[in-house]
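Colleague: Walk me through this one, please, and keep it simple.

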Amino acid sequence: MDYNEKLDAAIARLHDEGRYRTFIDIERRNGQFPHAVWTKPDGSQQDITVWCGNDYLGMGQNPVVIEAMEEALRATGAGSGGTRNISGTTVYHKQLEAELADLHGKEAALLFTSAYIANDATLSTLPKLFPGLIIYSDALNHASMIEGVRRNGGAKRIFRHNDVAHLRELMEADDPAAPKLIAFESIYSMDGDFGPIEEICDLAEEFGALTYIDEVHAVGMYGPRGAGVAERDRLMHRLDIINGTLAKAYGVMGGYIAASAKMCDAIRSYAPGFIFTTSLPPAVAAGAAASVAYLKRAPELREKHQQQAKALKLRLKGLGLPIIDHGSHIVPVMVGNPVHTKLLSDMLLEDHGIYVQPINFPTVPRGTERLRFTPSPVHGPKEMDALVRGMDTLWSHCALNRAEAAG
């Protein structure tokens, strides 16, 4: 076996399909986000504006968060020193879990190193707790949910995206006595559409199923205190397990579930992804706790965030660009070809200092490649004007447009 040859062939396939991913080496600068510095392959540098980051509210540079992290770092040092079970649980971890439980109106919360791990570890563990469990999973659930469901060894059913009628058909076909769980998202990050939370909760109640919702792209940004879409719609009490992240709107790192005390206790006791993972550094936990607490009292940031998203969508629609608008903060511009998407991304970066990463398969289905913009309260009028001008110029006059028209 020529292993290098196999590696070359695998990488070459990505290049041939136009979906080889490259890292853009950027340096975020505290107090200046969304502005950053891009270090090019030749070593030269260029000022850029980041339009694809997940620091949705700019909390990664909020002084309250930074001060909390600095204080914890000076007090405890860099790392946690172990897993949560072996010396890696500190007062900062417990404080963060208390903030998260309070945020979602649950008895408890359980902290993980990422929301991906939280989804994977929890969903793969649940069949150990409920033998014979059938998981009903939305077809467009995040890869972390898909992986957790795949690895759990239990029964699974995939229902068409947001299709409650199809979900009902699947549930009606199964043993009424079997334990069941419905796994879905509140906001699907690539199209920005909302899950039918209330209808799914109604079905769960009817069929005696548990509910598992991923609020990763909603926590911090929706609801009176930022608990997500379920809080906005007054449905949190009907959800059994809520998954969220600390790496997007909260601007730090980590993931979690919020649920009953018994559920969190069981997951922490049985999930390998929790048991055998070194816990988050105390400074990270402290910063996240400060961010969660801050955003509970900052509805003005959420309001400005929504205003920015609406403004950008309105202006891009005015240019005639094919955007998807489901009313959320996510702004996808459909291109439909991986090579063209990468070309457009490259030209925005090099010619206009605008950084937006191309989104290709397997993140989205083939033929739906796109640019995904994430406006924030720290993107001002100047930044938005520059983006709209750049998109107008490239979409109307560049070789990409001419090639599409010729095709």
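**Cavities and a sheet**

Colleague: By class, which residues does the lining of the second largest cavity have?

Modeller: First, this is a predicted model: local features need pLDDT of at least 70, side-chain atom pairs count only at 80 or more, and totals for chains, interfaces and linings use all residues. Residues are numbered from 1 along each chain as its sequence is written, and side-chain values use heavy atoms, with hydrogens and water left out. Ala, Val, Leu, Ile, Met, Phe, Trp, Tyr, Cys and Pro count as nonpolar, Asp, Glu, Lys and Arg as charged, and the others, Gly among them, as polar. Sorted that way, the lining of the second largest cavity has two charged, three polar and six nonpolar residues.

Colleague: What volume does the largest cavity have?

Modeller: There are four cavities of 30 Å³ or more. The second largest cavity comes to about 60 Å³. For the largest cavity, the volume is about 90 Å³.

Colleague: Which elements give two or more residues to the lining of the largest cavity?

Modeller: Its lining includes Arg 84, His 93, Leu 111, Phe 112, Gly 273 and Phe 274. The elements giving two or more are β4 (108–112) and α10 (272–275).

Colleague: Which strands stand at the edges of the open sheet with β14 in it?

Modeller: Four strands run in the order β1-β2-β3-β14, with mixed pairing. Each edge strand has a single partner, so one side of it is left without a neighbour in the sheet. Those edge strands are β1 (26–28) and β14.

Colleague: Which residue in β14 stands opposite Thr 49?

Modeller: Two strands pair if DSSP finds at least two bridges between them. Strand β3 (residues 45–50) and β14 have two bridges, in the parallel sense. Opposite Thr 49 stands Ile 354.

Definitions and conventions
1 Å grid on protein atoms, 1.4 Å probe; cavity = no way out; pocket = protein on both sides within 12 Å on 5 of 7 lines; lining within 4 Å. Points joined across faces, edges and corners; volume = space filled by probe spheres on them.
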